[in-house]
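Student: Please take me through this model feature by feature. I would like the general idea each time, then the case at hand.

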Amino acid sequence: MTALPMHRFTVARSRLVVPALDWVLMGAAGLVLVLGTLLVWSATATNDVLTGGDSTAYLHKHLVNVVIGLVLAAVVMATDHRWVRIVTPLVYAGSVVGLLLVLVMGSTINGSRSWLLIGGLSIQPAEFAKLAVVIGMAMVIAERTETARRRQVGAVDVALMCAIAGLPALLIIAQPDLGTMLVLSATVFGVLAVAGVPRRWLAGLAGGALALAVLVVSAGVLKQYQINRFMAFTDPGLDPRGAGYNTTQARIAIGNGGLFGQGLFDGSQTRSRFVPEQHTDFIFTVAGEELGLIGAGVLIALFAVMLWRALLISRRADDMFGRVAAAGIACWFAFQTFQNVGMCLGIMPVTGVPLPLVSYGGSSMFASMMAIGLLQNIAMRGSSTGWGLSPRAR
C-alpha cells in the first residue's frame, strides 16, 4: 500500500522536469521549420537546372540540414550553462579563423567571397560569426559586471564589447558581405542597449557607424553591383533587367498570391523560375505567391512568437550572460527576418541574407538552430521558464 504513493510521487516529479523547456518557442520554431521545408521543396521541385531532374533533391538536402541543426540545438540545450560560457572564447576564435580563411582561400559566389569549399561541403563562416559575437559580447559584460558586483556599464566595458564585435565586422566587410554586416550591426546595437549602455553612448555609436558606412562607400570597398542594388532599391525602374530585376519579379510573385495564394507547388512565377535565388534569399516570395497573404502572415506571426519568447527568456534570465545573449539572439532574428522579408517586398535593398530556419543553406540553418538551443538552455536555467513555470515548481 505504501509503494503506490511513492510511485506516483516519482512519476509526478519526473514530469515536472520536462516542462522547463519553453514549449511555445519550440512549437513556433518547429512550425517554421515545417513551412520552410515545404517552401524549399516547392521552390526547387520544377527547377531542373538545380536538381538535375530530381524534384526531391533539395528536399532531401534540406531535411539533412534540419536534422543536423536539431542535433546541434539539442547539444547546446543540454550543455551546462557554465560550460557555454567557458567554450565561448573557443567559438569566437573559431569564427574569426573561419573568416580569415575565407579571405585567404574562400570562393566567390554571387560577387561575395564568403564561402569555404571543403570537398563537396560549402561553409559560410559569417553565419556562425553572428552567434559568436552575441555570446562573446555577453560573456565580456557578464564577467566584468559579475566579478565586480556592479550593474553600471563603464567605458572600458563598452570598448571591450565593441572590440569583440569589431574584428569579425572588419573581416566581413573585407569579403564584402553587406547583408551580414547590416544584420551584425543591428545585433550589436541591440546587445549594447540590453547590457545597459547609456543612451548618449548609443547615439554616439550610431553616429560613428553611419560615418564608417560613408567612409566604406567613398573608399570603394563595396562592389559596383552592391551599389547598383541600393540604387535599384530607390527606383527599380532604373535597371529593370539588371539590379532591379530581383525586386521587380519578387513583387510580381507576391502580388500573384492574393489573399489565399495559388496553392503550394502551383505558383506561376515559382514554376517559371522568374525569381532568382528563390530557394535561398527570396524564399519568402514562394510563401507570398503560393500561400497568399494569409499563409505569409502566419509565417511572420510565427517569427513574432519566437521573438516574443526570446525577449521573455531574456527578461527572466537570472544572470547577465543569459539576459544579454537571449536579447542578442532576438535582435539578430528580428532584423534578419525584417531584412529578408523587406527586400522581397521592395522596402529594403537586396543584400542577400537568408530567412532564418526557412531558407535553404546549411550554415544559416546550423547557426540559427544553435541559437534556438541556446535560448532553451537559458530558459531552463532562468528564474522563470516555460509557460509560467516557477523555480519552485521545478
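Tutor: Start with aromatic pairs: rings of Phe, Tyr and Trp (its six-membered ring) pair if their centres lie within 6.5 Å, and planes under 30 degrees apart count as stacked, over 60 as edge-to-face and the rest as tilted. By this rule the count is three aromatic pairs. One of them is edge-to-face, formed by Trp-41 and Phe-265, with 5.0 Å centre to centre and 80 degrees between the planes. Trp-41 belongs to helix α2 (residues 23-45) and Phe-265 to the loop between α11 (245-257) and α12 (268-272), so the pair links distant parts of the chain, 224 residues apart.

Student: What kind of model is this, and how are its residues numbered?

Tutor: The model is predicted: local features need pLDDT of at least 70 and side-chain atom pairs count only at pLDDT 80 or more, while totals for chains, interfaces and linings use all residues. Residues are numbered from 1 along each chain as its sequence is written, and side-chain values use heavy atoms, with hydrogens and water left out.

Student: How many helices and strands does the protein have?

Tutor: Helices (H or I, at least four residues) and strands (E, at least two) are DSSP runs, numbered from the N terminus. The protein has 15 helices and three strands.

Student: How much of the protein is buried?

Tutor: Buried means under 20% relative accessible area, exposed over 50%, and partly exposed in between (1.4 Å probe, protein chains only). Of the 394 residues, 48% are buried.

Student: What span does helix α14 reach, and what span is expected?

Tutor: The expected span is 1.5 Å times one less than the number of residues. Helix α14 (residues 320-345) has 26 residues and reaches 37 Å from its first C-alpha to its last, close to the expected 38 Å. Most of α14 is covered, with 20 of its 26 residues buried. Just after α14, Gly-346 takes a positive phi of about 85 degrees.

Student: How should I read the salt bridges?

Tutor: Side chains of opposite charge can pair when their charged atoms come close. The criterion is a side-chain nitrogen of Lys or Arg within 4 Å of a carboxyl oxygen of Asp or Glu. The structure holds five salt bridges. In one of them, Glu-143 meets Arg-85 at 3.0 Å, N to O. Glu-143 lies in helix α6 (residues 125-148) and Arg-85 in helix α5, so this pair ties together parts 58 residues apart in sequence.

Student: Which other residue does Arg-85 meet in a salt bridge?

Tutor: Arg-85 also meets Asp-319, at 3.9 Å, N to O. Asp-319 sits in the loop between α13 (283-316) and α14, so the pair ties together parts that are 234 residues apart in sequence. Arg-85 is buried, at 17% relative accessible area, as is Asp-319 at 13%, whereas Glu-143 is partly exposed at 38%.

Student: Where do Glu-127 and Lys-130 lie relative to each other?

Tutor: An α-helix has 3.6 residues a turn, so residues three or four places apart point the same way. Glu-127 and Lys-130 are three residues apart in helix α6, about one helical turn. Their salt bridge has its closest N and O atoms 3.1 Å apart, and both residues are buried. Elsewhere, salt bridges that share partners join Arg-85, Glu-143 and Asp-319 into one network.
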